[in-house]
Amino acid sequence: MGFTVNTKKTVKSSVLVIAEPGVVGDNLTQALKFAPNLEVVGPFETGPTGVSAFGKYHADTIILDIGALHENPLVTLNRLLQIDPHAKIIMASTLTFSNVRKSMTGFERGAADFIQMPGGHTRKTDKGAFRADLLRLIGAMADARRNDTPRQIAGKPTAKTAEPRKSIT
């Protein structure tokens with residue numbers, strides 16, 4: 001009886017995190033801390049710094065704290081999609097009426113998915129299950145992004161995967 005060898009190369013995915021410190025930011029940071037085959041960019045605490053980073057790093061997936069208190073996360077969502085209309089954005093938040101409304105608007109504007117943070121006041125309390133769901137979702141979004149149209153960053157087509165920047169000497 002023979003054996004098979006996996007000849008698929010493992011592709012490292014990149015995820016950019018825009019989340020304020022607190023329930024969302026802390027849970028995301030903890031869940032992504034030791035994720036294999038995942039390059040985490042951030043977390044960025046404000047929308048403008050996250051948007052600026054996305055323009056530079058071309059992450060496969062973005063996680064956006066849709067319940068941010070100090071700014072309007074829907075403005076951040078719009079700005080991310082202006083940079084790359086095919087960006088795979090996962091909205092993350094606790095389950096409140098306000099956040100559900102923002103999430104529904106986010107879907108209408110082009111966000112790809114939503115993940116609920118674990119919390120004591122909801123049924124979803126298992127952080128291990130949350131981490132597994134989050135990593136599975138990031139992987140699916142990264143695969144979808146790599147198979148999507150070539151990236152259009154700042155109006156210029158780029159390769160499907162980010163290439164190292166050339167240094168000016």
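## Basis of the model

The model is predicted: local features need pLDDT of at least 70, side-chain atom pairs count only at pLDDT 80 or more, and totals for chains, interfaces and linings use all residues. Residues are numbered from 1 along each chain as its sequence is written, and side-chain values use heavy atoms, with hydrogens and water left out.

## Overall architecture

The chain has five helices and seven strands. Both are DSSP runs numbered from the N terminus: helices are H or I with at least four residues, strands are E with at least two. The order from the N terminus is β-α-β-α-β-α-β-α-β-α-β-β.

The chain holds 169 residues, and 41% of them are buried. Buried means under 20% relative accessible area, exposed means over 50%, and partly exposed lies in between (1.4 Å probe, protein chains only). Take the contacts between residues at least 6 apart in sequence: 72% of them join residues at least 24 apart. A contact means heavy atoms within 4.5 Å.

## Confidence

Mean pLDDT for the chain is 81, with 77% of residues at 70 or more. pLDDT is the predictor's confidence in each residue, from 0 to 100. Strand β3 has the highest confidence, at 96. Strand β7 (residues 156-157) has the lowest, at a mean of 45.

Residues 156-169 form another, with 19 contacts beyond four places in sequence.

## Salt bridges

The structure holds four salt bridges. Each is a side-chain nitrogen of Lys or Arg within 4 Å of a carboxyl oxygen of Asp or Glu. R146 pairs with D60, with the closest N and O atoms 3.3 Å apart. This pair links distant parts of the chain: R146 sits in helix α5 (residues 127-146), D60 in the loop between α2 (47-57) and β3, 86 residues apart. R146 and D60 are both buried. D60, D143 and R146 are linked in a salt-bridge network.

R145 forms a salt bridge with D84, the closest N and O atoms being 3.0 Å apart. This pair also links distant parts of the chain, with R145 in helix α5 and D84 in the loop between α3 and β4, 61 residues apart. Both R145 and D84 are buried. D133 and R136 meet in a salt bridge at 2.7 Å, N to O. Both lie in helix α5, three residues apart, about one turn of the helix. D133 counts as partly exposed because its relative accessibility is 29%. R136 is exposed, with a relative accessible area of 55%.

## Helix α4

Helix α4 (residues 97-109) has 13 residues. From first C-alpha to last it reaches 19 Å, close to the 18 Å expected at 1.5 Å a residue. The expected span is 1.5 Å times one less than the number of residues.

The buried residues of α4 are N99, S103 and G106. They cover an arc of only 60° around the axis, so they lie on the same side of α4. The arc is that of the directions from the helix axis to the C-beta atoms. These buried residues pack against α3, β4 (88-93) and β5 (113-116). The face turned away from the buried side carries the exposed residues F97, R101 and E108. G110 follows α4, and its phi is positive, near 130°.

## Site around E71

E71 lies in the loop between β3 (61-65) and α3 (73-83). E71 counts as partly exposed because its relative accessibility is 26%. Leaving out residues up to four places away in sequence, E71 touches E20, T46, G47, P48 and T76.

A polar atom of the E71 side chain lies 2.4 Å from the backbone nitrogen of G47. A polar contact is a pair of N or O atoms within 3.5 Å; within protein, one must be able to donate a hydrogen and the other to accept it, and residues adjacent in sequence count only if both atoms are side-chain atoms. E71 and P48 are 23 residues apart in sequence and 9.7 Å apart in space, C-alpha to C-alpha.

## Site around F44

F44 is in strand β2 (residues 38-44). Leaving out residues up to four places away in sequence, F44 touches L16, V17, I18, A19, T49, G50 and A53. F44 and G25 are 19 residues apart in sequence, and their C-alpha atoms are 9.2 Å apart.
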